[in-house]
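Trainee: I am new to this structure and would like a close look at a single part. Could you walk me through the place where the ligand sits?

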Amino acid sequence: MQGNDINILAIETSCDETAAAVVRNGRDVRSNIISSQIELHKLYGGVVPEIASRKHIEKINQVIEEAMNTAGLILDDIDAIGVTYGPGLVGALLVGVAEAKAISFATKKPLIGVHHIEGHISANYIEHRQLEPPFICLIVSGGHTHLVLVKDYGEYEIIGRTRDDAAGEAFDKVARAIGLGYPGGPKIDKLSKQGNADTIQFPRASIEGAPYDFSFSGLKSAVLNYLNSMEMKHEEINRADVAASFQEAVIDVLVSRTILAAKDFQMKQVAIAGGVAANSALKRSMSDACKENGLEFYCPSSIYCTDNAAMIGTAAYYEYIKGNFSGLDLNAVPNLKIGER
Ligand code: KG4
Ligand code: ZN
């Protein structure tokens, strides 16, 4: 460690992962500890907010300690504490925010509140040292589907968003309908590899006057209708074909709208982020489309696509160098808008 290194301890508890990380100088991940609650929530087919908050409380200290030990640092070596303060489940967010405030108060180190989606976008900086703004980023997670113009570090303009379900939500709902369980995204990803995406023509919704917006609720209903009608006719359902055809319909709109936005806004670089960015077919399609259109494509490794604290540490670093600190009155904001501080 050198004297001018900036070490950030980052905490993320917005949904069902209790996570802590130490990130040096923005892009060097010294530790990235994630305690997932997926096994617990599986029983209920989705995240149960009350259970999530309780589990965060149980795990948070242990996860932070492990992050510090793995990084080989003590709290004295830390320059700031970054924490997700929204959007997310309020009870879950509060655990991380309260913890970060307590550490900040006890150590007199600055506190930096981070927007969860800005964290997801920043995940792209970790493994791509050459990536610098401006670029277009498609954020696709369980709660969000946004097309964002990343103008500079910490400077964002939302140019497109979903009008109803998030892409990950559609994956999870369709997975449940075909009996795959929670979380559905990775299961649909895997099953689709054995299916034929051309079997069923599911709709690709577009919204008049909003070329970069998305809508997935019609697609979800179309899948449910298809399953019902097959059942009524006593015909056998090929789940792999349904999964592959559904996945293809989601990917088609995600890729075409992202490429259109990149061209319209004259961006040379395209990035994707969020849990659904871990989808192997989405990565392949987006990468191919970028190649065809002469665009650079960036995507984090799967571990940095789904919720983690390293991405929060990276986003916090760029706020740190701008001197954007939060007060000890920082609160959880469940519906925090991107770009707001
Ligand atoms: O970013 P994330 O971990 O949490 C939120 O901020 O929402 O995203 C979770 C979402 C879930 O809906 C999950 O089904 C989806 O990401 N997901 C995937 C894949 N891995 C996770 N969706 C499609 N393919 C995957 N391989
Ligand atoms: Zn997330």
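Mentor: Happy to, and one term comes first: on a 1 Å grid over the protein atoms alone, a pocket is an open set of points where a 1.4 Å probe fits, with protein on both sides within 12 Å along at least five of seven lines. A molecule sits in such a pocket if more than half of its atoms lie within 2 Å of its grid points. The space taken by ligand 1 is the largest pocket. This is a predicted model, in which local features need pLDDT of at least 70 and side-chain atom pairs count only at pLDDT 80 or more, while totals for chains, interfaces and linings use all residues. Residues are numbered from 1 along each chain as written, chains are lettered from A and ligands numbered from 1 in the order in which they are written, and side-chain values use heavy atoms, without hydrogens and water.

Let us start with the shell. Around ligand 1 there are 21 residues, counted when one of their heavy atoms lies within 4 Å of it. The closest are Gly142, Asp172, Gly185, Asp189 and Asn279. By class, the shell has 6 nonpolar, 12 polar and 3 charged residues, with Gly counted as polar.

Now the polar contacts, which are pairs of N or O atoms within 3.5 Å. A polar backbone atom of Gly185 is 3.0 Å from an oxygen atom of ligand 1. For a polar backbone atom of Gly143, the distance to a ligand oxygen is 3.3 Å. Ser141 takes part through a polar side-chain atom, 3.5 Å from an oxygen of the ligand. On its own, ligand 1 has 550 Å² of accessible area, and the protein covers 89% of it; such areas come from the Shrake-Rupley method with a 1.4 Å probe.

Helices here are DSSP runs (H or I) of at least four residues, numbered from the N terminus. Those giving two or more residues to the shell are H4 (116-127), H5 (167-177) and H6 (184-192). H6 gives the most, with 4 residues.

Finally, ligand 1 lies between domain 1 (7-121 + 305-322) and domain 2 (133-300), because both give residues to its shell. The domain bounds come from an automatic or database assignment.

Conventions: A polar contact is a pair of N or O atoms within 3.5 Å; within protein, one must be able to donate a hydrogen and the other to accept it, and residues adjacent in sequence count only if both atoms are side-chain atoms. On a 1 Å grid over the protein atoms alone, a cavity is a set of points where a 1.4 Å probe fits but cannot get out, and a pocket is an open set with protein on both sides within 12 Å along at least five of seven lines; lining residues have an atom within 4 Å of a point.
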